[in-house]
2 protein chains.
Amino acid sequence: MPPHKPRPSGEDRIIARYFRPLATHPGAFRLTDDAAALNPPPGSDLVLTVDAIVGGVHFLPDDPSDAVAKKALRVNLSDLAAKGAKPVGFLLMLALPKDTSEGWIAGFTRGLAADARTYACPLLGGDSVRTPGPATISITAFGTVPKGTMVHRAGARPGDRVLVSGTIGDGALGLVLHRPGGVDGWSLERAQQKVLVGRYLLPQPRGAIAEALRRHASAAMDVSDGLVGDLAKLCAASGVSADVDIERVPLSPAGRRVVAGAPEMIELVLTGGDDYEIVCAIPGKQLVAFRAAAAKARVPVAEIGVITKGRSPPRFLDRTGKPMLFKTTSFSHF
Amino acid sequence: MPPHKPRPSGEDRIIARYFRPLATHPGAFRLTDDAAALNPPPGSDLVLTVDAIVGGVHFLPDDPSDAVAKKALRVNLSDLAAKGAKPVGFLLMLALPKDTSEGWIAGFTRGLAADARTYACPLLGGDSVRTPGPATISITAFGTVPKGTMVHRAGARPGDRVLVSGTIGDGALGLVLHRPGGVDGWSLERAQQKVLVGRYLLPQPRGAIAEALRRHASAAMDVSDGLVGDLAKLCAASGVSADVDIERVPLSPAGRRVVAGAPEMIELVLTGGDDYEIVCAIPGKQLVAFRAAAAKARVPVAEIGVITKGRSPPRFLDRTGKPMLFKTTSFSHF
């Protein structure tokens, strides 16, 4: 070894060992370049989305790092799904405290690799930086749609039905259970508690209905900041309002049990966020076809209301037809 | 106002007021959607890069927020320039402490807007999150090159000349001066100190020679982590080595004066980073054309060495031809 030989930096070694195996896309150049290259197929648009998660805000410092990695990728895949896009790959920005162990990184990349495979969304490149703050993971995800067919927030029209995928509120309830010093478990069985916490830790992006949304939805978005606030955003972008029957909002068995015992929890269910389900507007004529496509994709979808004229925020109506009042409508980052 | 009317969240208001004016790209959908869309021209590749800066690491907490914004964008534009790409737009991830003032955000977006115009690189979309840590800004920038013509790190061949743009070491010296409790100013005049600090605060991306690099360089990258370490990366990716004459490395008048008074500072100049200049390999036959193109673009370029056979890291030779030994070769993030 010549005298001027520099030691390979820790960063180079970590990238080679833990991150390079994820960079299976040819445009990633095996992470040996400063940039990646993408060449979307002719006739397609590239759909771009960025979402970050921060330790102590979007995940807890002691959460297993493989789950943190999966959550970071999945919140972005959830956005791509809502836009009707098929994943292509992602860029990773990883800001880590100086004392981050190699074990944490090993777990993180193991989780990320598993999801990159599951969702056919390989690593394209990234940046790693040191932070005096908590671990922060920002992912930019890329997908494709046939040119001009991205599903927007805008587009819902009066008369369209409002549908949501899966069940609502589990992630928000799961966070309450998962937080140190959380509640007593609402007298749920251990298995049901685990289901809720699992929904908080590991979103299930609804890529399986991306194509159905593209073909049938007039508007869609993913529910990440709470159904009430997110549907309000969809309606505002579309210049419409909506009426939702609270009783038709699909809850999981665990969620139903929590609300049965503590009816005030319905507010957290509807506004807490971390759902990573899809809320969409489906024109009446498309309803049968959309339901059939969702069933074929094995994604449960429920009709919860209807798009209405006007510019007021959506009304969430109780069984007596009275609009519910919410203390906060949505998680705000400022 | 109906009783269920939610207050517009602070986030929505801040986005509408400060960020929407930057989102001039049609694919940004005025920031009213969850994703952006890009449709690169037929026959082109999209070049993608992500770079983050963290308060207390890449900028100081009291740095003016307009300069922080510009730095965050410019470090990415520097990567695009090195790859020969023309900017298209960018996505922004902004993690801010809860106590961030609206004035800070106003300054940040003012700086970002100015640079988005200057570099024809509009905002495409983004994500804002709260952090218990320092302000963290991650930008994903997009550029285009004619298909297959991105300039790589790999590609340098023995005999190619090594050139750098501008002057080296100013940013690293500027950081020393800028840091609270820094040095006494190396007996530099105030104006020269300001030049160095300015180079630290505000990189000047070399987009003006992107096209020249694309036409003439066999390999290129931007110098962000120090010339010694970054040239080593270029050589490693290319499977070559290099000999550099330290005396030919271009220093600014201020940098020359520092090294004249404190010769040991040459190590910081060569390894400190924050240069955001370009280091490239130019085949001998392309040298005249590259120099002419750079001159036309008014970007000074200096030949500092030659690519050699072998796999050892580049040698930095002093005036006696002796390879210099470096304590650290590059800023490592782990």
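**Close-up views of the two-chain model**

View 1. The model is predicted, and local features need a pLDDT of at least 70 and side-chain atom pairs count only at pLDDT 80 or more, whereas totals for chains, interfaces and linings use all residues. Residues are numbered from 1 along each chain as its sequence is written, while chains are lettered from A and ligands numbered from 1 in the order in which they are written. Within α8(B), which spans residues 253–261, the buried residues are Ala254(B), Gly255(B) and Val258(B). Viewed down the axis of α8(B), these buried residues fall within an arc of 100°, so they line one face of the helix; the arc is that of the directions from the helix axis to the C-beta atoms. Pro253(B) and Ala260(B), on the other side of α8(B), are exposed. A residue is called buried if 20 or more other C-beta atoms lie within 10 Å of its own, exposed if 12 or fewer do, and partly exposed in between, with C-beta atoms placed from the backbone.

**View 2. The crossing of α5 and α8 in chain B.** The axes of α5(B) and α8(B) come within 9 Å and cross at roughly 105°, where axes are lines fitted to C-alpha atoms, for helices over the stretch in contact, and angles run from 0 to 180 degrees between N-to-C directions. The two helices α5(B) and α8(B) are therefore roughly perpendicular to each other; angles of 65 to 115 degrees count as roughly perpendicular, those under 35 as roughly parallel, those over 145 as roughly antiparallel and the rest as oblique. Gln192(B), Val195(B) and Leu196(B) of α5(B) make the contact with Pro253(B), Ala254(B) and Arg257(B) of α8(B), two residues being in contact if their C-beta atoms, placed from the backbone, lie within 7 Å. By class, the contact of α5(B) with α8(B) has four nonpolar, one polar and one charged residues; Ala, Val, Leu, Ile, Met, Phe, Trp, Tyr, Cys and Pro count as nonpolar, Asp, Glu, Lys and Arg as charged, and the others, Gly among them, as polar.

**View 3. The packing of α2 against α3 in chain A.** Helix α2(A) (residues 65–82) and helix α3(A) (residues 102–118) pack at an angle of about 45°, with their axes 7 Å apart, and α2(A) and α3(A) are therefore oblique to each other. The crossing of α2(A) and α3(A) is right-handed; a crossing is right-handed if the near helix is turned clockwise from the far one by less than a right angle, and left-handed if anticlockwise. The residues that meet include Ala69(A), Leu73(A) and Arg74(A) in α2(A) and Trp104(A), Phe108(A) and Leu112(A) in α3(A). By class, this contact of α2(A) with α3(A) has seven nonpolar, three polar and five charged residues.

**View 4. The packing of α1 against α3 in chain B.** In chain B, α1(B) and α3(B) (residues 102–118) pack at an angle of about 40°, with their axes 10 Å apart, and the crossing of α1(B) and α3(B) is right-handed. Ile14(B), Tyr18(B) and Phe19(B) of α1(B) make the contact with Ile105(B), Ala106(B) and Thr109(B) of α3(B). By class, the contact of α1(B) with α3(B) has five nonpolar, one polar and no charged residues.

**View 5. Two residues with positive phi.** Most residues other than glycine have a negative phi. Asp274(A), however, has a phi near 65°; Asp274(A) is placed in the loop between α9 (266–271) and β9 (277–282) of chain A and is buried, with 23 other C-beta atoms within 10 Å. Phe29(B), which is not a glycine either, has a positive phi of about 45°; Phe29(B) is placed in the loop between α1 (10–19) and β1 (36–38) of chain B and is buried, with 20 other C-beta atoms within 10 Å.

**View 6. The neighbours of Val88 in chain B.** Val88(B) lies in strand β3(B) (residues 86–96) and, with 22 C-beta neighbours inside 10 Å, counts as buried. Although Val88(B) and Gly143(B) are 55 residues apart along the chain, their C-alpha atoms are separated by 4.9 Å. Not counting residues up to four places away in sequence, Val88(B) touches Leu38(B), Phe142(B), Gly143(B) and Thr144(B).

How values were computed:
Helix = DSSP H or I, 4+ residues; strand = E, 2+ residues; numbered from the N terminus.
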